[in-house]
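I opened this entry to keep track of what I looked up, residue by residue and then by region.

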Amino acid sequence: MVERTLAIIKPDAVERRLAGRIIQRIEDSGFRIRAMRRVRLTRAEAEGFYAVHRERPFFASLTVFMSSGAAIVLVLEAADAIKKWRTLMGATDPAKADAGTLRKEFAQSIERNATHGSDAPETAAFEIGYFFAGIDLI
Ligand code: ATP
Ligand code: MG
């Protein structure tokens, strides 16, 4: 089933000028980029985006990091896009990520891990709507 997911190239990767290489990997893997934008999140916007992690011990640090610099948000489309993008990203912790994944190659730590991907259809719908209006996706 053709599906859409929200991807973020996080501030660590943008700062290190890895965005181009990550976008190339996205295209080489067969995703269609349906929308893309550079953003600089405020702390409050990062907190809203990661609201499900509010109670986690890493929430404060994560939202400081996510608002520390520019990020690139994208809507990716493919068959089974949510799982396909998470597979390409690899495990949250780069020490546990498989060879050939983006996080294995580009992440610096479990927090500064280069990319984000939605984890389910409901979160993808929320996350796409957080950054893009319907008219951007036609
Ligand atoms: P994402 O939601 O960003 O795609 P994920 O689904 O692999 O990543 P989550 O459990 O949703 O992982 O955590 C969200 C983000 O919070 C992680 O990508 C990472 O940046 C940060 N994070 C997760 N676990 C930790 C941790 N133990 N210590 C520090 N930061 C963490
Ligand atoms: Mg997640």
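I began with Arg-25, which counts as partly exposed because its relative accessibility is 21%, and partly exposed starts where buried, under 20%, ends. Arg-25 is in helix α2. The model I am reading is predicted. I then looked up how Arg-25 sits relative to Thr-101: the two are 76 residues apart along the chain, and their C-alpha atoms are separated by 9.8 Å.

**Backbone angles**

I noted that most residues other than glycine have a negative phi. Two entries went on my list of positive values. Arg-17 has a phi near 60°. I found Arg-17 in the loop between α1 (11–15) and α2, and it is exposed, with a relative accessible area of 75%. Ala-114 has a phi near 75°, also positive in a residue other than glycine. Ala-114 lies in the loop between α6 (102–106) and β4. Is Ala-114 buried or exposed? Its relative accessible area is 0%, so I put it down as buried.

**Thr-63**

Thr-63 is in helix α4, residues 59–66. With a relative accessibility of 0%, Thr-63 counts as buried. I looked up what its side chain touches. A polar contact of 3.0 Å joins it to the side chain of Arg-43. A polar atom of the Thr-63 side chain also lies 3.0 Å from the backbone oxygen of Phe-59.

**Aromatic rings**

I searched the whole structure for aromatic pairs and got six. For Phe-31 and Trp-85, the ring centres are 6.1 Å apart and the planes stand at 90°, so I logged the pair as edge-to-face. This pair links distant parts of the chain, 54 residues apart: Phe-31 is in the loop between α2 (19–28) and β2 (32–39), and Trp-85 is in helix α5. Both residues, Phe-31 and Trp-85, are buried.

I then took Phe-126 and Tyr-130. Their ring centres are 5.6 Å apart with planes at 50°, so the pair is tilted. The two are four residues apart in helix α7, which means about one helical turn separates Phe-126 from Tyr-130. Phe-126 is partly exposed at 44% relative accessibility, and Tyr-130 is partly exposed at 29%. Phe-126 and Tyr-130 belong to one aromatic cluster with Phe-49, Tyr-50 and Phe-131.

I also checked for charges over rings. Lys-84 lies over the face of Phe-31, at 5.1 Å from the ring centre. The charged end of Arg-37 sits over the ring of Phe-132, 5.6 Å from its centre.

**Largest pocket**

My last look-up was empty space, which shows up when a probe the size of a water molecule is rolled over the atoms. The largest pocket has a volume of about 540 Å³. Of its 23 lining residues, the closest to the centre are Tyr-50, His-53, Phe-58, Leu-62 and Thr-92. Which elements each supply at least two residues of the lining? I wrote down α3 (43–49), α5 (81–89), β4 (115–117) and α7 (121–131). The largest share, three residues, comes from α7. By class, I recorded nine nonpolar, seven polar and seven charged residues in the lining.

Note on methods: Residues numbered from 1 in each chain as written. Chains lettered and ligands numbered in written order. Predicted model: local features only at pLDDT ≥ 70, side-chain atom pairs only at ≥ 80, totals over all residues. Heavy atoms only, no water. 1 Å grid on protein atoms, 1.4 Å probe; cavity = no way out; pocket = protein on both sides within 12 Å on 5 of 7 lines; lining within 4 Å. Points joined across faces, edges and corners; volume = space filled by probe spheres on them. Nonpolar A, V, L, I, M, F, W, Y, C, P; charged D, E, K, R; others polar. Phe/Tyr/Trp six-rings, centres within 6.5 Å; stacked < 30°, edge-to-face > 60°. Buried < 20%, exposed > 50% of the residue type's maximum accessible area, 1.4 Å probe, protein only. Lys NZ or Arg CZ within 6 Å of the ring centre and 35° of its normal. Polar contact = N/O pair within 3.5 Å; in protein donor to acceptor, adjacent residues only side chain to side chain.
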